[in-house]
Amino acid sequence: MNTLLIIIGAPIVAAIVATLSKKITAIEYTSVSAIILSTGATLFLAPSVAKYGIVVFSSIFAVDALSMIGMLITSVIGLAAMIYSVGYLRDEVKKEIIGHSRVRQYFVLINLFIAAMLLACASSNPVIMWLAIEATTLSTTFLISFYNKATATEAAWKYLLINSLGLLLGFFGTLLYLTATATAPETFSTWQTLVANSAFLNPDVARIAFVFILIGYGTKVGLAPMHTWLPDAHSKAPVPISALLSGVLLNIALIAVLRFRAITDATAGGDFTQNLLIALGLFSIVIAACIILIQKNYKRMLAYSSIENMGILALGFGFGGVATIAALLHMIYHSLAKSTLFLSSGNIFLTYSSTKIAKIRGVLTSLPVTGVVFFTCILAIAGLPPFGIFFTKLYILFAGAGAHPYIVATALVAFAIVFIGFLRHATGMLFGEPTEDIIPNIERDRLLIAAPIILMTLLATLSVYLPETLATLLMNASKLI
Amino acid sequence: MAEFFLSQTGFIVLFVIFALGAIASMIARRSDSDANMLGNGFAIIGSLWGALFGGFALISANQTMNFAFTIPFSPLPALTFSVDKLSAFFILLISSVAFLASIYALDYVKHFYKKYSIGALGFFYNLFIASMLLVVTSSNAIMFLTAWELMSLTSYFLVVYDRAESKNTQAGLQYFAMMQIGTIFVAAVFVILYSFTGSTNFSEIRAAAANIPTLWQGIIFAAALLGFGMKSGIVPLHIWLPDAHPAAPSHVSALMSGVMIKTGIYMLMRVLLDFFQAPPVWWGVVILAVGAISALLGVLYALTEHNIKRLLAYHSIENIGIILLGLGSALVFSSLHMPALATVAIIASLFHTLNHAIFKSLLFLGAGSVISQTHTANIEEYGGLARTMPYTAFFFLIGSMAISALPPFNGFFSEWLTFQSLFAGILNNTNGMMLQWAFLIAGGALALTGGLALACFVKAFGVTFLARPRSTHAQHAHESGIFMQIGMGALALSALLLGVFSGAVTGVLQSVGATFFPISSAVAPALSANTSAISLQNGFAFVSGINLFLLMLIAILSTVIASAYVVYRKQRIIEGTTWDCGTPATPRMELTATGFSRTIITIFKAVLRPRLHISTTYKYGESYMPLSRSAEFSVTDIFRSYCYEPVSSFALGASAQIKKIQSGNINAYFLYTFIALIGILCITTL
Amino acid sequence: MTSTFAIIAQLLLVPALSPLFIGIIRKIKARMQNRHGASIFQPYRDLNKLFHKDEIISSDATFIFRIAPYMVFAVTLVVAISIPIITTFIPHFGTSDLLAVMYMLAFGTFFLALGGIDVGGPFGGFGASREMTISALAEGGLIFSLFAVSCMAGTTDLLSIPHALLAYGSTATLATVLAFFGFCVALLAENMRFPFDNPSTHLELTMVHEAMIIEYSGKRLALMEWASANKLFIFIALGANMFFPYGIAASADLSAVIISLGILLAKALLFCIAIAVIESTTAKLRLFRLPDLLFLSFIASSLAIIFTI
Amino acid sequence: MTLSLTYFLISLFFFTTISMHAVRKNAILVVLYAVQSLAVVLLLMYGAWLDQSIILSIVALFALLVKTTLIPRFFGMLISKNLITFSSSTYLKLPITALIVAGLAVLPSTHVFAPLLAIAPQHAHEIAFSLGAFFISCFMLVNRRDGMSQMIGLLSLENSIVAFAFFAGLEQSAMLQIGIIFDVLVWVFIATLLASLAYKQFGTLDTDTMRHLTE
């Protein structure tokens, strides 16, 4: 229990400190050390989860392999985003774009956000998880409207309302699942008891419930056609928040869907959820691919890429079998690559003060390190070796080829379109000569360089080698889905 | 010795050398000359190692060598490799060209010093060579796709290396985008194979491929042709090639044009001939048609070019066409159960692959040598370089003769074999008129191609190296460095030796062909080769490289000696000016490349659709007293304007329609969710 | 021993006789134009004179200009011992393949054109351009017309074709006629005769072959002229022996060889008359009409192949 | 008696939900929401009385406090501070809206939702009513362009879920219920804050003006 308390408690403490303290430096240090502590504790917890399959802390908190993967992603990317936030906000304050009170507000909310995500992973009760995910929505609303511009408010409004609708649908679905354990209302239902009691669940109810879950949590995941909030929110939020939204939050919502899927499959058979996941996954991939091709804003381009990758994950989990492990791996790789991209795009934004692709020229010249990192991750996320996304995509496609040849063919075409879109925009941004009116020497700030490089190195390493603990976790997690 | 190279260690060392080269040049990136020495040095050692490896594997008694490596807990695919005779041939091909190109590069990259990172060049260059070697040795689908993509990736970075010009980055974009479209089909090939055979392992695919339903076999064929053809640059999938190859540094162009596009051919052979033992006849006919069209259009577009590297790139398309003519014949013969003839055809194809690699690299290196001196790729600005750069000129001349299939150079012998396999197809009337017509048309296309290629290289060599310089750069050119000369000279010598000893070479290639068509003792081999000659079908045709060479040499020497010493030797040679009709001859009076090929372009105007744009400026307003008049004669690739542009504008238009989903109206967004919910509920309970 | 003799005979015969045919054609043309005309031995005298003259070489020219004549001339010699002229009983060096011969001739054309470009004058350039255009388009017809007879003979070895054809009999006359038509067109094109080129003109607008060698003088000009005479003779011999192989010596027997030589001379004379008649009665075609003729030759040859197989 | 009380409350709930579609004045909308919440809270109290559970009555009282007092106050402040008396127009005209609402009201009775009605067969009608209210609330989000109406639509959606859970017997433990109610409170707080921010920047809560992000 203590470990979990450190993991989730540390960011909450940091949030409280940020509320009370007046010194920005103190807030920065507390926040960073809290997330370091939390990450350390998560890493410490990982081997035992890998060893025992599940570590139960109380009636409502238990960490199994799937939760552990979610928590690892959250804490590692949370760490990088927090380090980057410090540098990023210092720069924004220096430019007098924001004041000190907003910095404090930022750190309060980001810590709460991270804590909520960790909580969502660690809770074994569906309703608590729902509350935690709801808390992520509430904590990020004002982070999205952080810049206080009309468009930012618009994005936040859409984010709040659409996600609330989605989460209410998801809540309705969750309630329907609880019919399985409705005989004993006073005990807390956990994922484990729900799967065990799935025989009591009426298959027809389970199907309806899963549709509500898929549409509801699918909104949060960003599956088309419920994805509409996602590009708006990602493009308007400060980049560390975009990185967390894209790299972590979407995955956690997806993990929720997968939990319910396991219950549904146990009673209603696998075909139903499989077809739904494949259909929505493919639709997301196609929609995102087409829009990426003609995107004009690089942050929105990255956001659509998240939609595409969530589609790939849905496709992979839909195909099942080998594709499940591949999809889990893809989740990790995508989180790392996408966060790196958002963080490095932050440097581009700080230098060029614009998110329009057309206004960015010569990044390789003006920001050599960022440019290389950005380009590398663009290629990684577009699915080129030696980065893992290439392999996971291939494994997913190969696994699905026998049963769903046309879906695989469509996905292949969509991947090529995404790639062309990415490369087209990257070519425009990276090459050539930079314009005159840029702010130079952004890269002198080590914090702004370190975070993306750490994540990219991690991505590259995990692409060729998986630590044994992680490999075991992946194997165990794939059995839970 | 041979065992050591062919051991697992020998195989891994090969890649370790390139990896070290990549890392070392990256580490040494602060010093340009160190990075150059390390990057190219390791590439030289590595490719020498590869050449030895390939050579030993080619002559080794082992038909197939398998290598497998395991990394625990890795998301990587199974690292299984297999080197059979075909792979060995391609390893040798890649390594030898890479070896000479790297030697050349030692001097060539000097003109990038202080402009771009030499470390990055060395990094990608080493990885590029290594990835090509991986492509031809991988023995499972995922590993192969990985290598295939790595090859595209590394070559992309080499294409955009000279990134200051947006032309190059655009060429890189187009290249990489088209490669990725090609990858759709390549992946489709293996995905389909996997779904029917249940394996990604080549040997298991091979064992089970015959059971795939005919329809899906056809789809695999189409996908393979599109996917691998995209890499090879067959018409109409070629438009990336004339843009990308010129953009890369010349030693890389040499590798791309000489070797990289051949990996597509390698895979076509692997999939069509190796996986499917008895392909349907129509596959071969389609390949023949594609080959004929590529060869003809390739050379026609080459004639229209006056950028030397684009010209050479179009010739690569032409030569890929010729290689495909051999491959197509092999497929047809194979499906007609004529292993002897199929062997001849595949040898023709392989031999031309080898030869094209040699002379095309030579020509690109020569072009690079010229460009490094004149700083332009426009041949209209060259002229008279044979005087200032005699070695380059001489080597380029040999390359031109080899690519024009003039005896006794290597190009002739592979073209001869290709002709002979087409002839065999024409003569063989077991499968009806249609097939004979196909071979006949292919033969006609090849004959026409040969003639046009000759014309094109008269233009390329003549306008570049002969007569007066047309620009100051050309006037002040100097002979390039010693390493560049060594690189070119060795390739030129290879072009000659491969021709002279074509008999021996085809003998070795026969062992490669035997992997596809194991000829039983009952069937007499159609080709008997010894060191001195190639002989086909019991004397149907017979050609001897060494005799051709010796007779021509003797004839030339005796003509020279006779006319110089025997006939009469007291004449003087006076140097004078060219007959100028009274006006001093200037560079403006010389033949231009455009002028040279205009006749041919006009003859083929139905295909090439040239445009002549004349603009006149007048002294006093309108239509009196013209001040100056300029004419622009241009040819654009019809596939670009009638095929690619409509498709891309359609894709962009369709995407713009789809983007309207993101209307900005939150009520619409609620509606999407609501409809998705109700819709799915209704559909799933129906 | 006899075969060595045959080789030397052929090797000497080609350069020795080739100027004669040029002289004969010129003589016939002159007669048809109601002129007296020079002696049929005039070309020999021209060559002799050129060999003794000084040379002027353009200061713009590179080494290509200097070596081209030797190359052009030498390949005709190699071709001379690779094809049956008076006898088929010469050793098979492996150079007598149909394609080998065609590409050796192309080798000569290549250097001829380069030599034309090398001096940097406007004439040489456009001459080379036209020459390469015509020969590129003629190549298909040429190869296919000879391949048509190869089909009948069952070999592409030119030395073996005549006998195989004689054994084959005359069942494929239509095919032979078609192929022969194709070959004749190619012959006229490759040797720059009417209607492709006027060998006796020096008018800027029309000349092709003469434009390329316009800067040559002295010894090198002599080699160039001689080489083109050789080439014409080689083509005539090919036409005579490949399509109408009657009378060619089947062995190195001296009497047979002499008879064969007589028959060859007779057949060659017919060719010369035909060429001269064509040159006297037709007009030179416009450059852009030539492709039609050449494609016709290609189609005729292809048809011949189709009829044969 | 028991049947008629719950039936009455759910009918009241259902009709307030429908009437929200007809109302143009924001204040009345808030009142309707309060009435709707009251119906739900009464249901909860009735449930607590049936179970004789004190803790459930506390939950119900907390719900009463939040949903009928605090939330309407928040909205009242929003209305008075920004002077938004009337909500902006709807996309569909009233007759068509009525038609669709009617369609959505019968939707739960189709075979699609039969398994849900079968969860508690004795309350099938009530479940159908709450499901109908659920869809009608969803439709409010689709049809109304006004930020205020959208917030109330979402809250009404939440109320219908609570009603559904009550009839289907899926009530959660008291702790979780309090958590959910607290969550609703925080949500309303944040939403009204954001709404006034939006009003400041856009000068209206008409979401039709929020159409800048269209790429």
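Two residues count as in contact here if their C-beta atoms, placed from the backbone, lie within 7 Å. This is a predicted model, where local features need pLDDT of at least 70, side-chain atom pairs count only at pLDDT 80 or more, and totals for chains, interfaces and linings use all residues. Residues are numbered from 1 along each chain as its sequence is written, while chains are lettered from A and ligands numbered from 1 in the order in which they are written.

**View 1. Chain D meets chain A.** Here 31 residues of chain D are in contact with 36 residues of chain A. On the chain D side, helix 5 (114-117), helix 7 (147-168) and helix 8 (174-202) each give two or more residues; helices (H or I, at least four residues) and strands (E, at least two) are DSSP runs, numbered from the N terminus. Helix 8 of chain D gives the most, with 12 residues.

**View 2. What chain D shows to chain A.** This side splits into 20 nonpolar, 7 polar and 4 charged residues. Ala, Val, Leu, Ile, Met, Phe, Trp, Tyr, Cys and Pro go down as nonpolar, Asp, Glu, Lys and Arg as charged, and the others, Gly among them, as polar.

**View 3. Chain B against chain C.** The contact draws 68 residues from chain B and 71 residues from chain C. Elements giving two or more residues on the chain B side include helix 17 (410-427), helix 22 (545-567) and strand 6 (573-576). Helix 18 of chain B hands over the largest share, 14 residues. Sorted by type, the chain B side has 44 nonpolar, 19 polar and 5 charged residues.

**View 4. Strands across the B and C chains.** Strand 6 of chain B and strand 1 (residues 55-58) of chain C run parallel, joined by 4 bridges; strands pair if DSSP finds at least two bridges between them. Look for Gly576(B), which stands opposite Ser58(C) in strand 1 of chain C.
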